[in-house]
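Subject: Structure for you to look at

Dear colleague,

Here is the structure I said I would pass on. My notes on it follow below.

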Amino acid sequence: MTSPFYDVIVVGAGHAGAEAAAAAANMGARTLLITMNIDTICQMSCNPAMGGVAKGQIVREIDALGGYSGIITDHSMIQFRMLNLSKGPAMWSPRAQCDKTQFSLNWRYQLENIPLLSIWQDEVVGVLVHGGVASGVRTRMGLDIQAGSVVLTNGTFLNGAIYVGEMSWSGGRIGEGAACSLSDQLLEMGFEVDRLKTGTPVRVDGRTIHFERLEEQPGDENPQKFSYTETLPLKYQRSCFLAYTNEHTHDILRTGFDRSPLYTGRIQGTGPRYCPSIETKIVRFADKQRHQLFVEPEGWTTHSYYLNGFSSSLPLEVQVDALHSIQGFEDAAILKPGYAIEYDYFPPTQLKYTLETKRIENLYFAGQINGTTGYEEAACQGLMAGINAVLKIRGKSPFVLNRTQAYIGVLIDDLVSKGVDEPYRMFTSRAEYRILLRQDNADVRLTELSHNIGLASDERMRRVGEKIRYTQELSDFISETSISPSAANSMLESLNTPALQQRVRLVNLLLRPEVTMKNLMEVSSELRSQVDNVTVGLREEVLNATEVQLKYKRYIEKEQDVASRILKFEDISLPADFDYYSLHSLSYEAREKLTKLRPATIGQASRISGVSPADISVLLITLNTKDGKEGGS
């Protein structure tokens, strides 16, 4: 059978694969998405939620670039919360509970309606390579499918092994087989491969939970959205709940340690430090008498609940006994056991910033294959890999985001420069410029960049332009318009903030921590009229953007100044064949690390563990004294 030629083949239809395939096809490339099961596209294998601390910023960045994760989330959500509102806007992070079945169906519908995208159910057993260049894939059904580039997004399926107590079997998810040939081929090609571990908790039948004994956690009173497009706001929400383990729970869990694959050495892969199994938590935090659990509904029409924080690979009977010791779960029936899964990943220091592998040209890795954890981290890698796969075969410049532009840039830079020794998870603390990388301004930061490469639509660009214009007009108005004591003092008194003695500009009131834009609109008819001029669909975004920009102007400007000074050296390129061992002024560790990792720029080199500021100074001096044009200050 002769197969057609594709510009891009994407292997795996999880969150990374879906975004990669959608991006490539929407950029005009003929794209094939290959999945082992067409009915589990973008399945929420773990918790039924998108977003969260730093992860919510990533979803908004994906949306700003023209990806679909935000849109699908808005169409599938059953609860919305903006986290960290008690902190500054750099920390605000959107999070949504989703109907997991609807989420997968919405993704499938979206993908099936992209004109240049085809979907094929099969297992990829090898990558076709000619002359060091990826040229397609070979499938279990014996098809050799040709392509200009290949993107691998295999998730936890590469030599995946599932563990429940003393039982184990091959699988990529419970009930689904593993992919056992591809990883072996890549190893033979010279790729470095290692093992990681993750896990998931029991799913509980909600009809058997005593919710009156739990703490209810409702959604926000006025739920927001993820997408900057005109998706509909959420009208009805389902509550989550809080539960707690106790010392008796911990005692029961300990009875299974002698049969735990984590403690008997059967699992060799490293698990996620920031989302450990319940057995790891009671060992690591032995002084804690209880651990908080989040009881999360998995959809509108199901009784299934996800017990976030109770991941375990202990024997099934131990999981059930421990569950029954938790208040509210005394009579709980489980629908699915908790289990651990161990799988192959490829250390991401083997990648370029575009997520193309250094060893094989036109071959890209995205998602958990790179050692990350989380839907959001996977999705943004898929998006970037899909974009760059298309640009590469067209002979165009690569699309790379730096650490000052996006959390996506931080994530990829961390992976490529530092590598991982445990599943990588994004946090706001990883971003040096998080005041610049807020969730509210992702469209302003990124949409034009995406539009320039042919992904973000003209409509998205028009909308961003309107938002920028309205925000600037409103900021100027507030900065120039005054208000009298008689108009403002009643409002100020209600907020327990000092009254005015004379007329002041509205911006001076807004700078007070207690005062918001909505407070100003209550006392200034002129401001209300100005806001009425803003397009209704943009009004809330413009109000929020204006308030953040004016309240935090000095902090934003200070961080922009720091970022611009750092960027002076960030993009100085390093030759691919640079002989670091010839520079005896470099520390031996620096010579060794730089030779192995081959950083593309001075900025990337500066973030490699073991490369000191003194080593960077040596590189800068060397580049500046060379006669060629390798770099400069």
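L355 sits in the loop between β19 (339–345) and β20 (363–365); helices here are DSSP runs of H or I of at least four residues and strands are runs of E of at least two, numbered from the N terminus. Its relative accessible area is 0%, so L355 is buried. Buried means under 20% relative accessible area, exposed means over 50%, and partly exposed lies in between, with a 1.4 Å probe and protein chains only. L355 is not a glycine, yet its phi is positive, near 75°.

The model is predicted, so local features need pLDDT of at least 70 and side-chain atom pairs count only at pLDDT 80 or more, while totals for chains, interfaces and linings use all residues. Residues are numbered from 1 along each chain as its sequence is written, and side-chain values use heavy atoms, with hydrogens and water left out.

Two other residues have a positive phi. N84, also not a glycine, has a phi near 65° and belongs to the loop between β4 (77–83) and β5 (93–98). With a relative accessibility of 22%, N84 counts as partly exposed.

Helix α19 itself spans residues 588–597, and its buried residues are A590, R591, L594 and L597. They lie on the same side of α19 because they cover an arc of only 155° around the axis, the arc being that of the directions from the helix axis to the C-beta atoms. Y588 and K596 are exposed on the other side of α19.

Next, a helix pair. Packed helices are described by the angle between their axes and the distance between the axes. For α6 and helix α8 (residues 316–324), the angle is about 175° and the axes are 8 Å apart. Axes are lines fitted to C-alpha atoms, for helices over the stretch in contact, and angles run from 0 to 180 degrees between N-to-C directions. The two helices are therefore roughly antiparallel, a label for angles over 145 degrees. T249, I252 and L253 of α6 meet V318, D321 and A322 of α8, where contact means heavy atoms within 4.5 Å. By class, this contact has four nonpolar, one polar and one charged residues.

R254 is in α6, which covers residues 247–254. At 36% relative accessibility R254 is partly exposed. Its side chain makes a polar contact with the side chain of D251 at 2.9 Å; a polar contact is a pair of N or O atoms within 3.5 Å, and within protein one must be able to donate a hydrogen and the other to accept it, with residues adjacent in sequence counting only if both atoms are side-chain atoms. R254 and V283 are 29 residues apart along the chain, with 9.0 Å between their C-alpha atoms.

S313 counts as buried because its relative accessibility is 1%. Leaving out residues up to four places away in sequence, S313 touches residues including Y163, S260, E279, Q319 and Y339.

R30 is in the loop between α1 (15–26) and β2 (31–35) and, at 40% relative accessibility, is partly exposed. A polar atom of the R30 side chain lies 3.1 Å from the backbone oxygen of F5. R30 and A147 are 117 residues apart in sequence, and their C-alpha atoms are 9.3 Å apart.

Regards

Note on methods: Angles under 35 degrees count as roughly parallel, over 145 as roughly antiparallel, 65 to 115 as roughly perpendicular and the rest as oblique. Ala, Val, Leu, Ile, Met, Phe, Trp, Tyr, Cys and Pro count as nonpolar, Asp, Glu, Lys and Arg as charged, and the others, Gly among them, as polar.
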